[in-house]
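Here is a short briefing on aromatic pairs and helix packing. Look at the sequence and the model first, then read on.

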Amino acid sequence: MQTTQKQKSSSVKCATNNLDLLHGYCKDIDNWPDKWEIAEEDIVIGKAITEQFKLFLLNRIDKGRAKKTIKNDATYLWVLGGELIRAINEDDSERQLTARELILKYVDDSGGPYWRHACDEIEHSRYDSVCKQLFKFIAANID
C-alpha cells in the first residue's frame with residue numbers, strides 16, 4: 001500500500017510537534033553534553049548519547065506518556081549520561097564505542113550503572129526502572 005503525500009505530511013507534522021513537546025518538557029536537553037563534560041572530547045559522545053535519549057523520549061511522547069513522566073524520565077537519563085561520561089573518562093578505550101554501544105554496555109534489563117549520588121534506594125530504583133525501559137527500547141530498535 002502506498003503512502004499518500006497527506007499521510008507523509010501528517011507524520012512529519014506529528015514528529016515536529018513531538019520534538020517541540022520534548023524541548024518544552026526538557027528545555028536544556030541540548031546542553032546536557034556541556035554539563036557532562038569532563039574532557040573536551042566528551043562533547044562529541046555526549047551529543048550522540050543525547051540523540052539516543054531523545055529518540056527514547058520522543059517514543060514515550062508518541063505513546064502518550066504524561067508530561068510529568070517524560071520530565072522524570074529525562075531527569076534519570078541526564079543522570080545516566082553523566083555516569084556514562086564518567087565511565088569513558090575512567091577507561092579511555094571505551095571512547096571507541098558508539099553511543100548506542102556504550103549505553104548497551106552499561107544498561108541492561110536489570111538497570112543502569114551504579115548511580116553514586118542517589119539519595120536513597122527508592123531513587124536508585126526509579127533510575128534503574130528508566131534504564132531498563134531505555135534498554136528495551138534500544139534493543140527493540142536495532143539498526
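Buried means under 20% relative accessible area, exposed means over 50%, and partly exposed lies in between (1.4 Å probe, protein chains only). W115 and Y127 are both buried. This is a predicted model: local features need pLDDT of at least 70, side-chain atom pairs count only at pLDDT 80 or more, and totals for chains, interfaces and linings use all residues. Residues are numbered from 1 along each chain as its sequence is written, and side-chain values use heavy atoms, leaving out hydrogens and water.

**Aromatic pairs**
- Rings of Phe, Tyr and Trp (its six-membered ring) pair if their centres lie within 6.5 Å; planes under 30 degrees apart count as stacked, over 60 as edge-to-face and the rest as tilted.
- The whole structure holds 6 aromatic pairs.
- Y76 and W115 form an edge-to-face pair, because their ring centres are 6.0 Å apart and their planes stand at 75°.
- W115 has a relative accessible area of 9%, so W115 is buried.
- W115 and Y127 make a tilted pair, with centres 5.3 Å apart and planes at 50°.
- One aromatic cluster is formed by W32, W36 and F53.

**Helix packing**
- Helices (H or I, at least four residues) and strands (E, at least two) are DSSP runs, numbered from the N terminus.
- Axes are lines fitted to C-alpha atoms, for helices over the stretch in contact (heavy atoms within 4.5 Å); angles run from 0 to 180 degrees between N-to-C directions.
- The axes of α4 and α6 are 9 Å apart, at an angle of about 85°.
- In this contact, Y76 is among the α4 residues and Y127 is among the α6 residues.
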